[in-house]
Amino acid sequence: MSRLQLKDLQLARGGRTVLEHLEGHFQDAAITALIGANGAGKSTLIQAIMGTLTPVNGHIECQVPAVRRAWLPQQLALDLSFPMSVEELIMTGTWPSHGAFLGYCGAHYRRGRDIMQRLGISHLAHRPLGELSGGQRQRALIGRTLMQEAELLLLDEPFANVDIDTVEVLMDVLREMASEGATIIVVLHDMEQLARLADDVLILTEGHGRWASPDILVDRHTGQLSRPPRLPLTFPGSV
Amino acid sequence: MLESFLSLIHTWLIAPFSYSFMERALVASMALSLAAPPLGVFLMLRGMSLIGDAMSHAILPGVALGFLLAGFSLPAMSLGGMLSGLLVAVMAGSVSQLTGHREDSAMASFFLISLAGGVMLVSLGGSSVDLTHVLFGSILAVDSTALLLIAAISTLIVIILAVIFRALVVECLDPLFLRGQGIKGGMVHGVFLGLVVLNLTAGFQTLGTLMAVGLMMLPATTARFWSTRLEGLMVLSVLIALVASSGGLLLSYHLSLPSGPAIILLAGCAYLLSALFGRHHSLTARLRRRATPLSNSLDH
(Lines give C-alpha, C1' and ligand atoms only; values in the text may rest on other atoms or scores of the structure.)
Protein backbone atom coordinates (compact mmCIF):
# COMPACT_ATOMS: atom_id res chain seq x y z
CA MET A 1 0.00 0.00 0.00
CA SER A 2 1.17 3.51 -0.66
CA ARG A 3 2.71 5.48 2.17
CA LEU A 4 1.10 8.71 1.07
CA GLN A 5 -2.62 8.86 0.38
CA LEU A 6 -5.10 11.65 -0.13
CA LYS A 7 -8.61 11.06 1.20
CA ASP A 8 -11.35 13.39 -0.05
CA LEU A 9 -9.04 16.29 0.58
CA GLN A 10 -10.26 19.89 0.61
CA LEU A 11 -7.72 22.68 0.93
CA ALA A 12 -8.38 26.38 1.31
CA ARG A 13 -6.30 29.48 1.45
CA GLY A 14 -7.57 32.71 2.94
CA GLY A 15 -11.14 31.37 3.06
CA ARG A 16 -11.14 30.40 -0.63
CA THR A 17 -11.21 26.73 -1.55
CA VAL A 18 -8.25 25.91 -3.77
CA LEU A 19 -8.67 22.16 -4.16
CA GLU A 20 -11.48 19.76 -3.29
CA HIS A 21 -12.36 16.07 -3.47
CA LEU A 22 -8.76 15.15 -3.99
CA GLU A 23 -8.36 11.36 -3.88
CA GLY A 24 -5.65 8.88 -4.65
CA HIS A 25 -2.21 7.76 -3.65
CA PHE A 26 1.35 8.61 -4.57
CA GLN A 27 3.37 5.60 -5.68
CA ASP A 28 6.21 4.48 -3.44
CA ALA A 29 9.65 4.32 -4.97
CA ALA A 30 8.52 6.52 -7.84
CA ILE A 31 8.55 10.08 -9.03
CA THR A 32 5.19 11.78 -9.35
CA ALA A 33 5.03 15.02 -11.29
CA LEU A 34 2.60 17.65 -10.05
CA ILE A 35 1.44 19.93 -12.84
CA GLY A 36 -1.13 22.66 -13.21
CA ALA A 37 -1.48 26.32 -14.11
CA ASN A 38 -0.31 29.05 -11.77
CA GLY A 39 -2.68 29.23 -8.84
CA ALA A 40 -3.99 25.69 -9.45
CA GLY A 41 -2.96 24.73 -5.92
CA LYS A 42 0.37 22.92 -6.40
CA SER A 43 2.16 24.73 -3.61
CA THR A 44 -0.94 24.51 -1.41
CA LEU A 45 -1.02 20.74 -1.79
CA ILE A 46 2.70 20.48 -1.03
CA GLN A 47 2.27 22.56 2.12
CA ALA A 48 -0.58 20.34 3.23
CA ILE A 49 1.54 17.22 2.70
CA MET A 50 4.36 18.80 4.71
CA GLY A 51 1.85 19.45 7.48
CA THR A 52 2.11 23.22 7.54
CA LEU A 53 -1.42 23.71 6.20
CA THR A 54 -4.42 22.03 7.83
CA PRO A 55 -7.01 20.58 5.45
CA VAL A 56 -10.53 22.01 5.63
CA ASN A 57 -11.94 18.57 4.98
CA GLY A 58 -10.69 15.05 4.44
CA HIS A 59 -7.17 14.10 5.36
CA ILE A 60 -3.73 13.07 4.20
CA GLU A 61 -2.47 9.71 5.33
CA CYS A 62 1.30 9.81 5.49
CA GLN A 63 3.28 6.97 6.97
CA VAL A 64 6.63 8.68 6.47
CA PRO A 65 7.82 10.19 9.78
CA ALA A 66 8.13 13.98 9.79
CA VAL A 67 11.91 13.91 10.07
CA ARG A 68 12.19 11.88 6.87
CA ARG A 69 10.14 14.36 4.86
CA ALA A 70 12.15 16.90 2.94
CA TRP A 71 10.86 19.98 1.22
CA LEU A 72 12.66 22.09 -1.32
CA PRO A 73 10.54 25.20 -1.79
CA GLN A 74 10.60 27.12 -5.01
CA GLN A 75 11.86 30.47 -3.79
CA LEU A 76 13.78 29.22 -0.87
CA ALA A 77 13.69 31.41 2.20
CA LEU A 78 17.42 30.91 2.46
CA ASP A 79 19.32 33.75 4.07
CA LEU A 80 22.35 33.81 1.80
CA SER A 81 24.25 36.32 3.89
CA PHE A 82 24.42 33.77 6.70
CA PRO A 83 28.01 32.64 7.20
CA MET A 84 27.72 28.96 6.37
CA SER A 85 29.64 26.79 3.94
CA VAL A 86 28.27 24.16 1.56
CA GLU A 87 29.61 21.37 3.77
CA GLU A 88 27.98 22.85 6.85
CA LEU A 89 24.65 23.13 5.03
CA ILE A 90 24.81 19.50 3.98
CA MET A 91 25.73 18.45 7.51
CA THR A 92 22.54 20.02 8.89
CA GLY A 93 20.82 17.16 7.07
CA THR A 94 22.05 14.80 9.80
CA TRP A 95 19.59 16.40 12.18
CA PRO A 96 16.76 13.88 11.80
CA SER A 97 18.91 10.88 12.63
CA HIS A 98 21.35 12.60 14.88
CA GLY A 99 19.38 15.12 16.88
CA ALA A 100 20.11 18.76 17.45
CA PHE A 101 22.61 18.43 20.28
CA LEU A 102 25.27 15.87 19.40
CA GLY A 103 28.40 16.73 17.47
CA TYR A 104 29.22 15.16 14.10
CA CYS A 105 31.56 12.20 13.90
CA GLY A 106 33.98 11.06 11.21
CA ALA A 107 31.41 8.82 9.55
CA HIS A 108 29.07 11.82 9.08
CA TYR A 109 31.81 13.85 7.43
CA ARG A 110 32.72 10.94 5.18
CA ARG A 111 29.11 10.59 4.07
CA GLY A 112 28.94 14.33 3.51
CA ARG A 113 32.02 14.16 1.29
CA ASP A 114 30.59 11.22 -0.67
CA ILE A 115 27.40 13.17 -1.25
CA MET A 116 29.29 16.25 -2.41
CA GLN A 117 31.30 14.12 -4.81
CA ARG A 118 28.12 12.50 -6.14
CA LEU A 119 26.73 15.97 -6.82
CA GLY A 120 29.97 17.33 -8.22
CA ILE A 121 30.36 20.05 -5.61
CA SER A 122 33.39 18.72 -3.71
CA HIS A 123 35.44 21.72 -4.77
CA LEU A 124 32.81 24.05 -3.26
CA ALA A 125 32.80 22.39 0.19
CA HIS A 126 34.15 25.40 2.02
CA ARG A 127 32.60 28.06 -0.20
CA PRO A 128 30.08 30.31 1.61
CA LEU A 129 26.49 29.86 0.40
CA GLY A 130 26.30 33.49 -0.67
CA GLU A 131 28.89 32.89 -3.39
CA LEU A 132 27.08 30.02 -5.10
CA SER A 133 25.25 30.11 -8.41
CA GLY A 134 21.62 28.99 -8.63
CA GLY A 135 22.62 25.56 -9.88
CA GLN A 136 25.31 25.04 -7.26
CA ARG A 137 22.88 26.08 -4.54
CA GLN A 138 20.29 23.61 -5.78
CA ARG A 139 22.90 20.82 -5.73
CA ALA A 140 23.87 21.71 -2.16
CA LEU A 141 20.23 21.65 -1.07
CA ILE A 142 19.66 18.27 -2.70
CA GLY A 143 22.80 17.20 -0.84
CA ARG A 144 21.12 18.09 2.41
CA THR A 145 18.09 15.93 1.57
CA LEU A 146 20.44 13.05 0.69
CA MET A 147 22.13 13.47 4.06
CA GLN A 148 18.69 13.49 5.62
CA GLU A 149 17.94 10.14 3.96
CA ALA A 150 14.60 11.60 2.97
CA GLU A 151 11.91 9.04 2.26
CA LEU A 152 9.44 11.62 1.06
CA LEU A 153 10.87 14.40 -1.02
CA LEU A 154 8.83 17.34 -2.32
CA LEU A 155 10.43 19.68 -4.82
CA ASP A 156 8.85 22.84 -6.12
CA GLU A 157 10.27 23.55 -9.59
CA PRO A 158 13.75 22.26 -8.77
CA PHE A 159 15.04 22.95 -12.27
CA ALA A 160 14.06 26.60 -12.51
CA ASN A 161 17.08 28.93 -12.91
CA VAL A 162 19.42 25.97 -13.01
CA ASP A 163 22.02 25.14 -15.68
CA ILE A 164 21.69 22.10 -17.95
CA ASP A 165 24.50 20.11 -16.30
CA THR A 166 22.88 20.53 -12.93
CA VAL A 167 19.52 19.40 -14.33
CA GLU A 168 21.19 16.18 -15.54
CA VAL A 169 22.92 15.54 -12.21
CA LEU A 170 19.78 16.26 -10.21
CA MET A 171 17.63 14.05 -12.43
CA ASP A 172 20.07 11.16 -11.95
CA VAL A 173 20.10 11.67 -8.20
CA LEU A 174 16.31 11.82 -8.01
CA ARG A 175 15.98 8.64 -10.08
CA GLU A 176 18.47 6.93 -7.81
CA MET A 177 16.61 8.05 -4.68
CA ALA A 178 13.35 6.76 -6.13
CA SER A 179 14.89 3.41 -7.02
CA GLU A 180 16.07 3.15 -3.42
CA GLY A 181 12.47 3.52 -2.26
CA ALA A 182 11.85 7.24 -1.78
CA THR A 183 8.50 8.77 -2.67
CA ILE A 184 9.26 11.87 -4.72
CA ILE A 185 6.85 14.59 -5.77
CA VAL A 186 8.07 17.23 -8.19
CA VAL A 187 6.29 20.35 -9.36
CA LEU A 188 7.21 20.73 -13.02
CA HIS A 189 6.36 23.08 -15.84
CA ASP A 190 8.62 21.69 -18.50
CA MET A 191 6.90 18.81 -20.34
CA GLU A 192 10.16 17.45 -21.70
CA GLN A 193 11.62 17.11 -18.22
CA LEU A 194 8.33 15.58 -17.12
CA ALA A 195 8.42 12.97 -19.87
CA ARG A 196 11.96 12.00 -18.86
CA LEU A 197 11.51 12.01 -15.11
CA ALA A 198 7.99 11.16 -14.04
CA ASP A 199 6.47 7.73 -13.42
CA ASP A 200 3.10 9.18 -12.59
CA VAL A 201 1.38 12.54 -13.04
CA LEU A 202 -1.11 14.42 -10.89
CA ILE A 203 -2.75 17.24 -12.81
CA LEU A 204 -4.41 19.99 -10.83
CA THR A 205 -7.01 21.93 -12.75
CA GLU A 206 -10.04 23.97 -11.71
CA GLY A 207 -9.86 22.83 -8.12
CA HIS A 208 -9.70 19.13 -8.89
CA GLY A 209 -7.00 16.56 -9.24
CA ARG A 210 -6.61 14.09 -12.07
CA TRP A 211 -4.11 11.26 -12.13
CA ALA A 212 -2.50 10.40 -15.43
CA SER A 213 0.33 8.43 -16.92
CA PRO A 214 3.21 10.46 -18.35
CA ASP A 215 2.66 8.59 -21.63
CA ILE A 216 -0.39 10.72 -22.21
CA LEU A 217 1.95 13.64 -22.80
CA VAL A 218 4.07 11.84 -25.37
CA ASP A 219 2.95 10.82 -28.82
CA ARG A 220 3.33 7.04 -29.07
CA HIS A 221 4.27 7.04 -32.75
CA THR A 222 6.76 9.84 -32.96
CA GLY A 223 8.09 9.78 -29.41
CA GLN A 224 7.68 13.55 -29.45
CA LEU A 225 5.62 15.57 -27.03
CA SER A 226 2.05 15.27 -28.20
CA ARG A 227 1.08 18.82 -27.38
CA PRO A 228 2.89 22.05 -26.93
CA PRO A 229 4.36 22.28 -23.45
CA ARG A 230 2.05 25.00 -22.33
CA LEU A 231 -0.42 25.17 -19.48
CA PRO A 232 -3.27 24.90 -18.70
CA LEU A 233 -3.60 21.52 -20.32
CA THR A 234 -6.87 19.89 -21.21
CA PHE A 235 -7.10 16.16 -21.42
CA PRO A 236 -9.57 13.79 -23.00
CA GLY A 237 -12.57 13.66 -20.77
CA SER A 238 -11.54 16.54 -18.58
CA VAL A 239 -14.15 18.90 -19.95
CA MET B 1 65.39 48.51 31.93
CA LEU B 2 63.38 45.31 31.84
CA GLU B 3 62.60 45.71 35.48
CA SER B 4 61.23 49.18 35.06
CA PHE B 5 59.18 48.00 32.08
CA LEU B 6 57.73 45.18 34.14
CA SER B 7 56.94 47.47 37.02
CA LEU B 8 55.24 49.86 34.59
CA ILE B 9 53.09 47.01 33.34
CA HIS B 10 52.32 46.07 36.89
CA THR B 11 51.31 49.59 37.86
CA TRP B 12 49.16 50.09 34.78
CA LEU B 13 47.61 46.70 34.14
CA ILE B 14 47.73 44.58 37.27
CA ALA B 15 47.89 46.74 40.37
CA PRO B 16 44.43 48.31 39.81
CA PHE B 17 42.84 44.91 40.18
CA SER B 18 44.29 44.40 43.64
CA TYR B 19 41.43 46.53 44.92
CA SER B 20 38.52 44.24 45.63
CA PHE B 21 35.97 46.51 43.91
CA MET B 22 38.07 46.44 40.74
CA GLU B 23 38.51 42.70 41.04
CA ARG B 24 34.77 42.15 41.30
CA ALA B 25 34.15 44.54 38.44
CA LEU B 26 36.63 42.61 36.31
CA VAL B 27 35.05 39.23 37.05
CA ALA B 28 31.56 40.61 36.42
CA SER B 29 32.50 42.13 33.08
CA MET B 30 34.39 38.96 32.07
CA ALA B 31 31.28 36.87 32.77
CA LEU B 32 29.18 39.26 30.70
CA SER B 33 31.77 39.22 27.92
CA LEU B 34 31.43 35.46 27.61
CA ALA B 35 27.63 35.42 27.39
CA ALA B 36 26.64 38.61 25.59
CA PRO B 37 28.62 38.64 22.30
CA PRO B 38 27.34 35.27 20.97
CA LEU B 39 23.80 36.57 21.43
CA GLY B 40 24.83 39.71 19.59
CA VAL B 41 26.23 37.65 16.72
CA PHE B 42 22.89 35.91 16.26
CA LEU B 43 20.93 39.18 16.55
CA MET B 44 23.18 40.67 13.88
CA LEU B 45 22.89 37.68 11.55
CA ARG B 46 19.11 37.70 11.88
CA GLY B 47 18.98 41.36 10.95
CA MET B 48 17.74 42.22 14.44
CA SER B 49 20.63 44.37 15.59
CA LEU B 50 18.31 47.03 16.94
CA ILE B 51 16.06 44.63 18.84
CA GLY B 52 18.60 44.45 21.67
CA ASP B 53 18.37 48.20 22.03
CA ALA B 54 14.61 48.09 22.09
CA MET B 55 14.65 45.23 24.60
CA SER B 56 16.86 47.21 26.94
CA HIS B 57 14.10 49.80 27.22
CA ALA B 58 11.60 47.07 27.96
CA ILE B 59 13.34 45.94 31.15
CA LEU B 60 13.35 49.45 32.60
CA PRO B 61 9.84 49.56 34.13
CA GLY B 62 10.39 46.22 35.86
CA VAL B 63 13.70 47.37 37.27
CA ALA B 64 12.07 50.58 38.47
CA LEU B 65 9.18 48.72 40.04
CA GLY B 66 11.60 46.38 41.82
CA PHE B 67 13.44 49.45 43.05
CA LEU B 68 10.24 51.08 44.31
CA LEU B 69 9.05 47.97 46.13
CA ALA B 70 12.26 46.60 47.57
CA GLY B 71 14.66 49.53 47.53
CA PHE B 72 18.10 49.10 46.08
CA SER B 73 17.96 45.30 45.96
CA LEU B 74 19.58 43.71 42.95
CA PRO B 75 17.61 40.44 42.97
CA ALA B 76 14.30 42.34 43.13
CA MET B 77 15.33 44.76 40.38
CA SER B 78 16.67 41.95 38.18
CA LEU B 79 13.57 39.85 38.61
CA GLY B 80 11.37 42.84 37.78
CA GLY B 81 13.48 43.65 34.74
CA MET B 82 13.36 40.09 33.50
CA LEU B 83 9.60 39.88 33.91
CA SER B 84 8.86 43.17 32.20
CA GLY B 85 11.29 42.37 29.37
CA LEU B 86 9.66 39.01 28.70
CA LEU B 87 6.18 40.50 29.08
CA VAL B 88 6.88 43.19 26.51
CA ALA B 89 8.40 40.69 24.09
CA VAL B 90 5.38 38.41 24.41
CA MET B 91 2.91 41.31 24.15
CA ALA B 92 4.59 42.72 21.07
CA GLY B 93 4.57 39.27 19.52
CA SER B 94 0.92 38.61 20.27
CA VAL B 95 -0.29 42.06 19.20
CA SER B 96 1.38 41.54 15.85
CA GLN B 97 -0.11 38.06 15.54
CA LEU B 98 -3.62 39.06 16.63
CA THR B 99 -3.87 42.25 14.63
CA GLY B 100 -1.62 41.58 11.67
CA HIS B 101 0.40 44.62 12.67
CA ARG B 102 4.06 44.23 11.71
CA GLU B 103 6.12 42.88 14.60
CA ASP B 104 8.77 45.59 14.49
CA SER B 105 6.25 48.41 14.76
CA ALA B 106 4.42 46.60 17.58
CA MET B 107 7.73 46.20 19.38
CA ALA B 108 8.69 49.83 18.84
CA SER B 109 5.37 50.93 20.33
CA PHE B 110 5.70 48.74 23.41
CA PHE B 111 9.29 49.68 24.03
CA LEU B 112 8.52 53.36 23.95
CA ILE B 113 5.62 52.84 26.35
CA SER B 114 7.89 50.90 28.70
CA LEU B 115 10.69 53.42 28.53
CA ALA B 116 8.33 56.26 29.45
CA GLY B 117 6.72 54.14 32.16
CA GLY B 118 10.09 53.15 33.56
CA VAL B 119 11.45 56.69 33.71
CA MET B 120 8.19 57.83 35.31
CA LEU B 121 8.43 55.13 37.97
CA VAL B 122 12.06 55.86 38.77
CA SER B 123 11.36 59.58 39.10
CA LEU B 124 8.38 58.95 41.38
CA GLY B 125 10.39 56.80 43.73
CA GLY B 126 13.84 58.28 43.86
CA SER B 127 16.19 61.04 42.94
CA SER B 128 17.80 61.65 39.58
CA VAL B 129 20.93 59.91 40.89
CA ASP B 130 18.99 56.62 41.01
CA LEU B 131 17.81 57.13 37.45
CA THR B 132 21.38 57.64 36.28
CA HIS B 133 22.37 54.47 38.07
CA VAL B 134 19.65 52.39 36.44
CA LEU B 135 20.26 53.86 32.99
CA PHE B 136 24.03 53.80 33.02
CA GLY B 137 24.96 51.36 35.81
CA SER B 138 27.95 51.46 38.07
CA ILE B 139 30.27 48.55 37.56
CA LEU B 140 32.49 49.65 40.42
CA ALA B 141 29.67 49.12 42.93
CA VAL B 142 29.15 45.44 42.14
CA ASP B 143 28.87 43.52 45.43
CA SER B 144 29.16 39.78 45.97
CA THR B 145 25.43 39.15 45.54
CA ALA B 146 25.44 41.00 42.25
CA LEU B 147 28.54 39.14 41.14
CA LEU B 148 26.95 35.80 41.92
CA LEU B 149 23.80 36.76 40.04
CA ILE B 150 25.74 37.94 37.00
CA ALA B 151 27.89 34.81 36.94
CA ALA B 152 24.88 32.53 37.34
CA ILE B 153 22.91 34.24 34.56
CA SER B 154 25.91 34.24 32.23
CA THR B 155 26.50 30.53 32.83
CA LEU B 156 22.84 29.78 32.19
CA ILE B 157 22.89 31.77 28.94
CA VAL B 158 25.98 29.97 27.64
CA ILE B 159 24.50 26.56 28.47
CA ILE B 160 21.08 27.24 26.92
CA LEU B 161 22.70 28.80 23.86
CA ALA B 162 24.81 25.66 23.41
CA VAL B 163 21.68 23.52 23.64
CA ILE B 164 19.66 25.47 21.06
CA PHE B 165 22.67 26.37 18.92
CA ARG B 166 22.00 24.14 15.94
CA ALA B 167 18.29 24.90 15.93
CA LEU B 168 19.12 28.59 16.01
CA VAL B 169 21.56 28.29 13.12
CA VAL B 170 19.05 26.37 11.02
CA GLU B 171 16.29 28.80 11.91
CA CYS B 172 18.40 31.77 10.81
CA LEU B 173 19.32 30.10 7.55
CA ASP B 174 16.21 28.24 6.49
CA PRO B 175 13.17 28.40 8.81
CA LEU B 176 11.20 26.13 6.48
CA PHE B 177 13.62 23.26 7.02
CA LEU B 178 13.16 23.62 10.77
CA ARG B 179 9.39 23.59 10.38
CA GLY B 180 9.70 20.52 8.18
CA GLN B 181 11.48 18.84 11.05
CA GLY B 182 8.45 19.43 13.25
CA ILE B 183 10.08 22.10 15.39
CA LYS B 184 8.23 25.35 15.72
CA GLY B 185 10.52 28.18 14.67
CA GLY B 186 8.61 30.44 17.05
CA MET B 187 9.73 28.37 20.01
CA VAL B 188 13.42 28.70 19.20
CA HIS B 189 12.91 32.40 18.51
CA GLY B 190 11.12 32.84 21.85
CA VAL B 191 13.84 31.09 23.85
CA PHE B 192 16.44 33.18 22.08
CA LEU B 193 14.66 36.46 22.89
CA GLY B 194 14.35 35.23 26.48
CA LEU B 195 18.14 34.83 26.57
CA VAL B 196 18.58 38.37 25.27
CA VAL B 197 16.34 39.69 28.06
CA LEU B 198 18.24 37.58 30.65
CA ASN B 199 21.52 38.94 29.43
CA LEU B 200 20.31 42.52 29.62
CA THR B 201 19.10 42.03 33.18
CA ALA B 202 22.53 40.65 34.10
CA GLY B 203 24.16 43.61 32.41
CA PHE B 204 22.09 46.48 33.74
CA GLN B 205 23.72 46.49 37.18
CA THR B 206 27.19 46.87 35.75
CA LEU B 207 26.62 48.81 32.56
CA GLY B 208 23.10 50.13 32.95
CA THR B 209 20.08 49.22 30.86
CA LEU B 210 21.18 51.37 27.94
CA MET B 211 24.86 50.39 27.90
CA ALA B 212 24.31 46.65 28.40
CA VAL B 213 23.36 46.36 24.74
CA GLY B 214 26.78 47.72 23.79
CA LEU B 215 28.68 44.73 25.09
CA MET B 216 26.29 42.51 23.14
CA MET B 217 26.26 44.26 19.76
CA LEU B 218 29.57 46.08 19.31
CA PRO B 219 31.86 43.02 19.60
CA ALA B 220 29.58 41.16 17.18
CA THR B 221 29.48 43.93 14.58
CA THR B 222 33.25 44.40 14.94
CA ALA B 223 33.95 40.69 14.45
CA ARG B 224 31.98 40.79 11.16
CA PHE B 225 34.85 42.78 9.64
CA TRP B 226 37.35 40.03 10.49
CA SER B 227 35.61 36.73 9.95
CA THR B 228 33.10 35.24 7.55
CA ARG B 229 32.59 32.07 9.55
CA LEU B 230 30.16 31.55 12.39
CA GLU B 231 32.74 30.00 14.74
CA GLY B 232 35.15 32.80 13.93
CA LEU B 233 32.50 35.41 14.69
CA MET B 234 31.69 33.78 18.04
CA VAL B 235 35.30 33.47 19.24
CA LEU B 236 36.39 36.86 17.95
CA SER B 237 33.42 38.71 19.43
CA VAL B 238 34.05 37.15 22.84
CA LEU B 239 37.74 38.10 22.67
CA ILE B 240 36.89 41.65 21.64
CA ALA B 241 34.43 41.93 24.53
CA LEU B 242 36.99 40.60 27.01
CA VAL B 243 39.63 43.06 25.87
CA ALA B 244 37.19 45.97 25.74
CA SER B 245 35.81 45.32 29.20
CA SER B 246 39.15 44.84 30.96
CA GLY B 247 40.68 47.74 29.02
CA GLY B 248 37.70 49.93 29.73
CA LEU B 249 37.96 49.22 33.45
CA LEU B 250 41.65 50.14 33.45
CA LEU B 251 40.95 53.35 31.56
CA SER B 252 38.22 54.29 33.97
CA TYR B 253 40.56 53.60 36.89
CA HIS B 254 43.54 55.58 35.62
CA LEU B 255 41.67 58.46 34.04
CA SER B 256 38.74 58.61 36.50
CA LEU B 257 36.20 57.96 33.75
CA PRO B 258 32.78 56.36 34.27
CA SER B 259 33.36 52.64 33.75
CA GLY B 260 30.35 51.65 31.60
CA PRO B 261 30.87 54.26 28.89
CA ALA B 262 34.64 53.61 28.96
CA ILE B 263 34.07 49.92 28.18
CA ILE B 264 31.54 50.59 25.44
CA LEU B 265 33.60 53.38 23.88
CA LEU B 266 36.63 51.12 23.76
CA ALA B 267 34.54 48.51 21.94
CA GLY B 268 33.29 51.35 19.74
CA CYS B 269 36.87 52.29 18.85
CA ALA B 270 37.52 48.67 17.86
CA TYR B 271 34.43 48.84 15.65
CA LEU B 272 35.49 52.05 13.91
CA LEU B 273 39.05 50.81 13.34
CA SER B 274 37.71 47.52 11.98
CA ALA B 275 35.33 49.35 9.66
CA LEU B 276 38.37 51.12 8.26
CA PHE B 277 40.98 48.38 8.26
CA GLY B 278 39.16 45.04 8.70
CA ARG B 279 39.74 42.04 6.45
CA HIS B 280 36.22 41.76 5.07
CA HIS B 281 33.85 44.45 3.83
CA SER B 282 35.92 47.23 5.40
CA LEU B 283 36.84 50.43 3.61
CA THR B 284 40.42 49.36 2.88
CA ALA B 285 39.29 45.86 1.90
CA ARG B 286 37.02 47.53 -0.66
CA LEU B 287 39.83 49.65 -2.03
CA ARG B 288 42.32 46.80 -2.00
CA ARG B 289 40.10 44.36 -3.79
CA ARG B 290 41.21 43.46 -7.29
CA ALA B 291 39.66 40.77 -9.42
CA THR B 292 41.84 37.66 -9.34
CA PRO B 293 42.80 36.37 -12.78
CA LEU B 294 40.93 33.24 -13.85
CA SER B 295 43.95 31.02 -14.37
CA ASN B 296 47.40 31.35 -15.85
CA SER B 297 46.73 28.46 -18.20
CA LEU B 298 44.05 30.49 -19.93
CA ASP B 299 46.61 32.41 -21.94
CA HIS B 300 45.51 33.82 -25.22
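What follows is a short exchange on labels and the values behind them.

Modeller: Ground rules first. This is a predicted model, where local features need pLDDT of at least 70, side-chain atom pairs count only at pLDDT 80 or more, and totals for chains, interfaces and linings use all residues. Residues are numbered from 1 along each chain as its sequence is written, while chains are lettered from A and ligands numbered from 1 in the order in which they are written.

Colleague: Why is B:Thr155 called partly exposed?

Modeller: Because B:Thr155 has 13 C-beta neighbours inside 10 Å. Buried takes 20 or more other C-beta atoms within 10 Å, exposed takes 12 or fewer, and partly exposed is in between, with C-beta atoms placed from the backbone. So B:Thr155 counts as partly exposed.

Colleague: Which helix holds B:Thr155?

Modeller: Helix H8 of chain B, residues 144-173. Helices are DSSP runs (H or I, at least four residues), numbered from the N terminus. B:Ala31 is 124 residues away from B:Thr155 in sequence, yet 7.9 Å away in space, C-alpha to C-alpha.

Colleague: What is the source for "transmembrane region" in chain B?

Modeller: An unreviewed UniProt entry, which lists several spans, including 25-45 and 146-170. UniProt positions use the numbering here, feature names are shortened, and annotations may be inferred rather than shown by experiment. In the model, residues 25-45 of chain B are 100% helix, with end C-alpha atoms 30 Å apart. Residues 146-170 of chain B are also 100% helix, and their end C-alpha atoms lie 35 Å apart.

Colleague: What makes a residue part of the contact between chains A and B?

Modeller: Two residues are in contact if their C-beta atoms, placed from the backbone, lie within 7 Å. Chain B gives 18 residues and chain A gives 21. On the chain B side, H8 has the largest share, 6 residues. That side holds 10 nonpolar, 4 polar and 4 charged residues. Nonpolar covers Ala, Val, Leu, Ile, Met, Phe, Trp, Tyr, Cys and Pro; charged covers Asp, Glu, Lys and Arg; the others, Gly among them, are polar.

Colleague: What makes a nonpolar core?

Modeller: Buried Ala, Val, Leu, Ile, Met, Phe, Trp, Tyr and Cys residues, joined through C-beta atoms within 7 Å. The largest such core has 149 residues, and B:Val197 is among those that touch the most other members. Helix H10 of chain B (residues 185-223) gives the most, 21 residues.

Colleague: Which residues does B:Val197 touch, not counting those up to four places away in sequence?

Modeller: B:Met55, B:Ile59, B:Met82, B:Gly85, B:Leu86 and B:Ala89.

Terms used:
Helix = DSSP H or I, 4+ residues; strand = E, 2+ residues; numbered from the N terminus.
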